[in-house]
Structure formats: C-alpha cells, structure tokens
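Dear colleague,

Here is the structure I said I would pass on. My notes on it follow below.

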Amino acid sequence: MVAPVRCSWVSADALYVQYHDEEWGVPVVSEHGLFERLVLESMQAGLSWLTVLKKRDAMRTLFFNFDIERLANCGTCLLYTSPSPRDHLAHLVCRLLLEK
C-alpha cells in the first residue's frame, strides 16, 4: 500500500492528519459550514491551526454547533455560558459575533 501524499505543513498529530485528508482543500458551500470556518478563522488570531482544531469541539458547544439562527436569537446569554470562562479569546470572539 502506498502512503498518502500530504502537504509539508501536516504534522504527525492525528487530528491534523484527519483535517488534511478529509477537509483541507474541499470547497465549503453551505452557510453553516462557511460560518463555522469564519468563526474558527477568527479564533486563530495568532494561534496555530492545530490549536484551533483542538478547540473546535468546545467552539461547537459554545456556538450551538454554529447554528446561525440560534446564535442570532441568543443575545448576550452566550457570554455567560462559556464552557471555559477563562478562555479570554473565546469571550472576545463571542462579543464580536454578537455585535456584528
């Protein structure tokens, strides 16, 4: 069996490999998928993409699985229900999303 060819930026981390093989380079066309990528890109802000991927499940919980309608109706409740209130960056992104 031939080993898959991967980009040089992919580390040996299983989450990174899975992201590369299943998501990277695949067009995202749904509003839900685009919104999720927008939020994750916003979270990156100087972090490695691997760090963001490791926080993705927490972000899915925090942002109601990136449900735009539910978030739009949530208001400021999201700021007080963060699964990790010490995560200052997540708090800032929540505020930015709610204000925009």
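Asp-13 caps the N-terminal end of helix 1, with a side-chain oxygen 2.8 Å from the backbone nitrogen of Leu-15. A polar contact here is a pair of N or O atoms within 3.5 Å; within protein, one must be able to donate a hydrogen and the other to accept it, and residues adjacent in sequence count only if both atoms are side-chain atoms. Helices (H or I, at least four residues) and strands (E, at least two) are DSSP runs, numbered from the N terminus.

This is a predicted model, in which local features need pLDDT of at least 70 and side-chain atom pairs count only at pLDDT 80 or more, while totals for chains, interfaces and linings use all residues. Residues are numbered from 1 along each chain as its sequence is written, and side-chain values use heavy atoms, with hydrogens and water left out.

Helix 1 spans residues 14-22, and its buried residues are Tyr-16, Val-17, Tyr-19 and His-20. Seen down the helix axis, these fall within an arc of 160 degrees, so they line one face of helix 1; the arc is that of the directions from the axis to the C-beta atoms. Buried means under 20% relative accessible area, exposed over 50%, and partly exposed in between (1.4 Å probe, protein chains only). Ala-14 and Glu-22 are exposed on the face turned away from the buried side of helix 1. Helix 3 is included in what covers the buried residues of helix 1.

Arg-56 belongs to helix 3 (residues 49-62). Arg-56 is buried, at a relative accessible area of 8%. Apart from neighbours within four places in sequence, Arg-56 is in contact (heavy atoms within 4.5 Å) with Tyr-19, Glu-23, Glu-36 and Leu-40.

The structure holds 1 cavity of 30 Å³ or more. On a 1 Å grid over the protein atoms alone, a cavity is a set of points where a 1.4 Å probe fits but cannot get out, and lining residues have an atom within 4 Å of a point. The lining of the largest cavity consists of Leu-40, Met-43, Leu-47, Thr-51, Val-52, Lys-55 and Met-59. Helix 2 (31-44) and helix 3 are the elements that give two or more residues to this lining, and helix 3 supplies the largest share, 4 residues.

Overall, the protein has 5 helices and 0 strands. Of its 100 residues, 29% count as buried.

Regards

Technical notes. 1 Å grid on protein atoms, 1.4 Å probe; cavity = no way out; pocket = protein on both sides within 12 Å on 5 of 7 lines; lining within 4 Å. Points joined across faces, edges and corners; volume = space filled by probe spheres on them.
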